[in-house]
Amino acid sequence: MPSSPQRLTDRKRAAILRAAAEEFRQAGFEATSMDRIAAAAGVSKRTVYNHFPGKEALFARILEQLWESSVGGVALTYRADRPLAPQLKQLLLQKLLLLGDPNFIDLARVAMAEIIHAPERAREIIGRMDEKEGGLVRWIRAAIADGRLRSVDEDFAGQQLQGLVKSFALWPQIMMGQPPLDETERERVAESAVAMFLGRYGRGD
C-alpha cells in the first residue's frame with residue numbers, strides 16, 4: 001500500500017515533464033507558463049510547483065533527461081587498459097547522438113533564444129547543460145594522470161574537443177536549420193576530432 005502514492009507521484013512528475021517539453025518546443029521559453037504546463041499535464045498548478053520551483057528548473061531537468069537518455073547504459077569512465085582512440089571516439093559518438101536528437105535541437109534553440117533575450121535568467125540553465133559535459137573533462141583528467149596525455153588544462157582541452165564536434169553537429173542545426181548528421185557523418189566527425197585531439201595532446205598510445 002505505501003508504494004502506491006509514490007507511483008502516482010512518479011506518474012504525475014513524468015506527465016509534467018512530457019507536457020513541459022512539448023510546450024517549450026512549441027511556444028518557446030518565454031511564452032510557456034506553469035499554468036499551460038499544468039493544463040497540458042492534466043494536473044493542478046500547485047502539483048507542478050510541488051515538483052519544480054519554477055520553469056527554469058523544469059527546463060533544466062528536461063535537458064538533463066535528454067542527456068541521460070543519450071548516454072544511458074554506456075560506460076564513460078577512463079580505462080587504463082584500453083587504447084585512447086576508441087575510448088575517446090565512444091565518448092564523442094555519444095555526444096553526437098545527443099546533438100542529433102531533434103527534441104534536443106528544438107530545446108537548444110529555446111535555450112539559445114534565452115541567452116539572447118534574457119542572458120542572466122538563462123545562465124543557470126546553460127550552466128546545467130555544461131555540467132553534463134563534465135564526463136569528458138573527467139576522462140581527459142584521468143588520461144593525463146595516467147601519463148597518456150600531455151599535462152594541459154583539462155577544461156581548456158575539453159572545450160577545444162567540444163568545439164570540434166559542435167561546429168558540425170550543433171551550430172549548423174540550430175543556427176542554419178541543417179539536418180542532424182547521419183551515422184556516416186557522425187563517424188567521420190568523431191574520428192577526425194579524435195585524430196586531431198590525440199595528435200596535439202597524445203603521448204603515443
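The model is predicted: local features require pLDDT of at least 70, side-chain atom pairs count only at pLDDT 80 or more, and totals for chains, interfaces and linings use all residues. Residues are numbered from 1 along each chain as its sequence is written, and side-chain values use heavy atoms, with hydrogens and water left out.

**Overall fold**

The chain contains eleven helices and zero strands, where helices (H or I, at least four residues) and strands (E, at least two) are DSSP runs numbered from the N terminus. In sequence order the pattern is α-α-α-α-α-α-α-α-α-α-α. Of its 205 residues, 44% count as buried; buried denotes under 20% relative accessible area, exposed over 50%, and partly exposed the range in between (1.4 Å probe, protein chains only). The chain exposes about 11,200 Å², of which carbon and sulfur atoms supply 52%. Accessible areas come from the Shrake-Rupley method with a 1.4 Å probe, and for residues only the protein chains shown count as cover. A contact is defined by heavy atoms within 4.5 Å. Among contacts between residues at least 6 apart in sequence, 71% join residues at least 24 apart.

**Nonpolar core**

A nonpolar core is a set of buried Ala, Val, Leu, Ile, Met, Phe, Trp, Tyr and Cys residues joined through side-chain atoms within 4.5 Å. The largest one has 54 residues, and L88, W139, L149 and F197 have the most contacts inside it. At least two residues of this core come from each of α1 (3–31), α2 (34–41), α4, α5 (84–99), α6 (102–117), α8 (134–145), α9 (154–169) and α11 (183–201). Beyond its neighbours within four places in sequence, W139 touches L76, T77, Y78, L84, Q87, L88, L91 and L149.

Helix α4 (residues 55–71) also holds Q65, which is partly exposed at 32% relative accessibility. The C-alpha atoms of Q65 and F104 are 9.9 Å apart, although 39 residues separate the two along the chain.

**Salt bridges**

Side chains of opposite charge can pair when their charged atoms come close. With a salt bridge taken as a side-chain nitrogen of Lys or Arg within 4 Å of a carboxyl oxygen of Asp or Glu, the count comes to seven.

| Pair | N to O distance |
|---|---|
| K45 and D35 | 3.4 Å |
| K89 and E187 | 2.6 Å |
| R141 and E154 | 2.9 Å |

K89 in helix α5 and E187 in helix α11 link distant parts of the chain, 98 residues apart. K89 is partly exposed, with a relative accessible area of 22%, and E187 is likewise partly exposed, at 26%. K89, E187 and E191 are linked in a network of salt bridges.

What does the pair R141 and E154 tie together? R141 lies in helix α8 and E154 in helix α9, so the pair ties together parts that are 13 residues apart in sequence. R141 is partly exposed, with a relative accessible area of 38%.

**Surface patch**

W171, M175 and M176 form a nonpolar patch on the surface, with about 370 Å² of accessible area together. Patches are made of residues with over 30% relative accessible area and no salt bridge; like charges are joined within 9 Å, and nonpolar side chains (Val, Leu, Ile, Met, Phe, Trp, Tyr) within 5 Å. M175 belongs to helix α10 (residues 171–176) and is exposed, with a relative accessible area of 59%.
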